[in-house]
Amino acid sequence: MLYRENGQFKSSYHADQQILPIRQDRMAMAMLLLIAFVVVPLTAPEYWFRAILTPFLILSLAALGLNILVGYCGQISLGTGAFMAVGAYAAYNFQVRIEGMPLIASLLLGGLCSTAVGVIFGVPSLRIKGLYLAVATLAAQFFVDWAALRLKWVTNGSDSGSVSVAGLQVLGVPIESPVAKYLFCLSFVLVFALLAKNLVRSNIGREWMAMRDMDVAAAVIGIRPIYAKLSAFAVSAFIVGVAGALWGFIHLGAWEPAAFNIDRSFQLLFMVIIGGLGSIMGGFLGAAFIVLLPLLLERAPHWLGIPLSTAVSSHLTSMVFGALIVFFLIVEPHGLARLWATAKEKLRLWPFPH
């Protein structure tokens, strides 16, 4: 009976509408942030920051942006990798062409450029939907790959399409060590998650969900489809573009168009589906599933003392990973976020059966 609302009275609309209305949830979130900002930087090994924590945070941010479009507005997109690439290359151009450009400004401007491209490729959503819209957004993937390889000014004259950044700093503080990169990404993810959570609870978020559930009925009651759909594409592309800039600047340091290929788009879509459509937490849970599970599957044979070659282990990991995704989607199609919500509901009733 530790997780109860009894005695937690709310005497104002502000208290009733806060993001975490239950005291235990606020305490758990404060503890989680304390661990993330203080305990993890002091105790985690360098490998965790490079291979697990920083990629998890950036992919969570990208999945968060995609979930706004797919989960909240119901618009299928297969061009997420392209929007990440636009954000990365645009931020790179701002950084190298404008002397003294602050790092944060470059990342945000890269997100704005991704917003413009996202709105352009979101225009077909006003006429088509479903698989047809997915194919239309898929065109963005091939167009951006072509532009990065053929247009020299995109890569500042690089023939191969590969670029690199170095000497990153914020207000004179270098962002070079794994811990500094982790804290920088964590701060970005925290701010954007808070903004996204408030946005989906606002009038705009309710318009997105109305378009997702039944666009004809939403238009009848006065919601403008052109505004709702294009705003969802814009917000989603902005967040995904910032995530792409972080992926290139912070995680990779040097990248080429292959870093944002169609596999990245499908990976992010899997994160959203597995984590839970229409859930802010779903992006984080899906990213954790996609990032951590392959690492566990690769090391499981070694822990169990089963001798396997590298090739067999790699193929076995892919097979088991795919089978687990299919099994999970059959057992819980609403994602990990729904499992978490069900567990919280049962915990609020425990130890009573109803």
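**Notebook: cysteines, surface and pockets**

I began with Cys185, which is buried at a relative accessible area of 0%. For my own reference, buried means under 20% relative accessible area, exposed means over 50%, and partly exposed is in between, with a 1.4 Å probe and protein chains only. I keep in mind that this is a predicted model, where local features need pLDDT of at least 70, side-chain atom pairs count only at pLDDT 80 or more, and totals for chains, interfaces and linings use all residues. Residues are numbered from 1 along each chain as its sequence is written, and side-chain values use heavy atoms, with hydrogens and water left out.

**Cysteines**

Which cysteine sulfur is closest to that of Cys185? I found it in Cys113, 20 Å away, so the two are too far apart for a bond. I then searched the whole structure for disulfides (pairs of cysteine sulfur atoms within 2.5 Å) and got 0. Cys73 also went into my notes as buried, at 0% relative accessibility.

**Salt bridges**

I counted a salt bridge wherever a side-chain nitrogen of Lys or Arg lies within 4 Å of a carboxyl oxygen of Asp or Glu. How many salt bridges does this rule give? The count is 2.

One pairs Glu46 with Arg50, their closest N and O atoms being 2.7 Å apart. I located both in helix α3 (residues 46-72), 4 residues apart, or about one turn of the helix. My helices (H or I, at least four residues) and strands (E, at least two) are DSSP runs, numbered from the N terminus. Glu46 is partly exposed at 46%, and Arg50 is partly exposed at 47%.

Another joins the side chains of Asp213 and Arg212, at 3.1 Å from N to O. Here Asp213 is exposed at 56%, while Arg212 is partly exposed at 32%.

**A nonpolar patch**

Next I looked for patches, which are built from residues with over 30% relative accessible area and no salt bridge; like charges are joined within 9 Å, and nonpolar side chains (Val, Leu, Ile, Met, Phe, Trp, Tyr) within 5 Å. I found a nonpolar one on the surface with about 1000 Å² of accessible area together, its members including Leu292, Trp303, Ile306, Val312 and Met319. The elements giving it two or more residues are α12 (280-303) and α13 (310-331). Which element gives the most? That is α13, with 5 residues. I also checked Trp303: this residue sits in helix α12 and is exposed at 57%. The areas come from the Shrake-Rupley method with a 1.4 Å probe, and for residues only the protein chains shown count as cover.

**The second largest pocket**

I put the second largest pocket at about 300 Å³ of space. It has 14 lining residues, and the closest to its centre are Val86, Tyr89, Ala147, Trp153 and Val154. Two or more lining residues come from each of α4 (80-97), α5 (103-122) and α6 (131-150), and α4 has the largest share, with 5. On a 1 Å grid over the protein atoms alone, a pocket is an open set of points where a 1.4 Å probe fits, with protein on both sides within 12 Å along at least five of seven lines; lining residues have an atom within 4 Å of a point.

Most residues other than glycine have a negative phi. Is Leu171 buried or exposed? I have it as exposed, at 86%.

Technical notes:
Points joined across faces, edges and corners; volume = space filled by probe spheres on them.
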